[in-house]
Amino acid sequence: NRCNFGSTWDWDYYAQQLKRIYLIPESTFPLTFRNDFENTAICNGSMVTDSISNSSSWSAVLDKDHEICCEHSAFMRDFKGEFPQFITVKFLVKKVKPGPVNALLVCSFEKEDKVFNRQLLTLEPFIGKTRSWLTVFKTFRVPDGLSGDTQISIYVWNKEKNSFFVDDLRITYE
């Protein structure tokens, strides 16, 4: 279940399910989550548009009505006892108009609705003054001493509610 969303397969989730039932061997790191926003079932509420994109047909939209985008979460227990040490997030951004977007890439570690570690990256140094598709990337360090019920939450926070697009999200756990 949840691997086929009509006409689109989520191959990463499908492989994860096969590993859980031991049909294919459990691999070690790196593990990767990809979202190119073509499959709206895995967009976790991100607003998408087909008006502009870097690859294929769709991209995510951030604007005055959409403050959060590219949400992805995982529990530490999902890594079967061998927790990742690093999380690398990479995606493309395209501004709509000149000026800063004042947005952040957020990686937080939460337990029982309490955030005990939050790491931030401002997007501005990556996107500068141009309105071309530009790559944003960051490697976050996973804190020591986490338990299996710790949730990792990764998202783009459009705190100033400016307009821009995001495409080709890739999150690698290592």
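Q: How many bridges join strand E6 (residues 104–111) to strand E7 (residues 114–122)?
A: Strands are DSSP runs of E with at least two residues, while helices are runs of H or I with at least four, and both are numbered from the N terminus. Two strands pair if DSSP finds at least two bridges between them. E6 and E7 run antiparallel, and the number of bridges joining them is eight.

Q: What kind of model is this?
A: Residues are numbered from 1 along each chain as its sequence is written, and side-chain values use heavy atoms, with hydrogens and water left out. Local features need pLDDT of at least 70, side-chain atom pairs count only at pLDDT 80 or more, and totals for chains, interfaces and linings use all residues: this is a predicted model.

Q: Which residue in the turn between E6 and E7 has a positive phi?
A: Leu104 sits opposite Thr122 of E7. The two strands make a hairpin, leaving two residues between them. With a phi of about 55°, the turn residue to look for is Glu112.

Q: Is Ser46 buried or exposed?
A: Ser46 is in the loop between strand E1 (31–35) and strand E2 (47–49). Buried means under 20% relative accessible area, exposed over 50% and partly exposed in between, using a 1.4 Å probe and protein chains only. Ser46 has a relative accessible area of 9%, so it counts as buried.

Q: The side chain of Ser46 reaches the backbone nitrogen of which residue?
A: Contact means heavy atoms within 4.5 Å, and past its neighbours within four places in sequence, Ser46 is in contact with Phe37, Ala60, Cys69, Cys70 and Glu71. The C-alpha atoms of Ser46 and Glu71 are 7.5 Å apart, though 25 residues separate them along the chain. At 2.9 Å, the side chain of Ser46 reaches the backbone nitrogen of Cys70.

Q: How many disulfides does the structure hold?
A: Cys69 is buried at 0% relative accessible area, and Cys70 is buried too, at 3%. Val166 touches Cys69 and Cys70, among others. A disulfide needs a pair of cysteine sulfur atoms within 2.5 Å. The number the structure holds is zero.

Q: What is the phi of Phe37 near?
A: Most residues other than glycine have a negative phi. Phe37 is in the loop between E1 and E2 and is buried, with a relative accessible area of 0%. Its phi is positive, near 65°.

Q: Asn102 is at 29% relative accessibility, so what does it count as?
A: Asn102 lies in the loop between E5 and E6. Its phi is positive, near 50°. At 29% relative accessibility, Asn102 counts as partly exposed.

How values were computed
A polar contact is a pair of N or O atoms within 3.5 Å; within protein, one must be able to donate a hydrogen and the other to accept it, and residues adjacent in sequence count only if both atoms are side-chain atoms.
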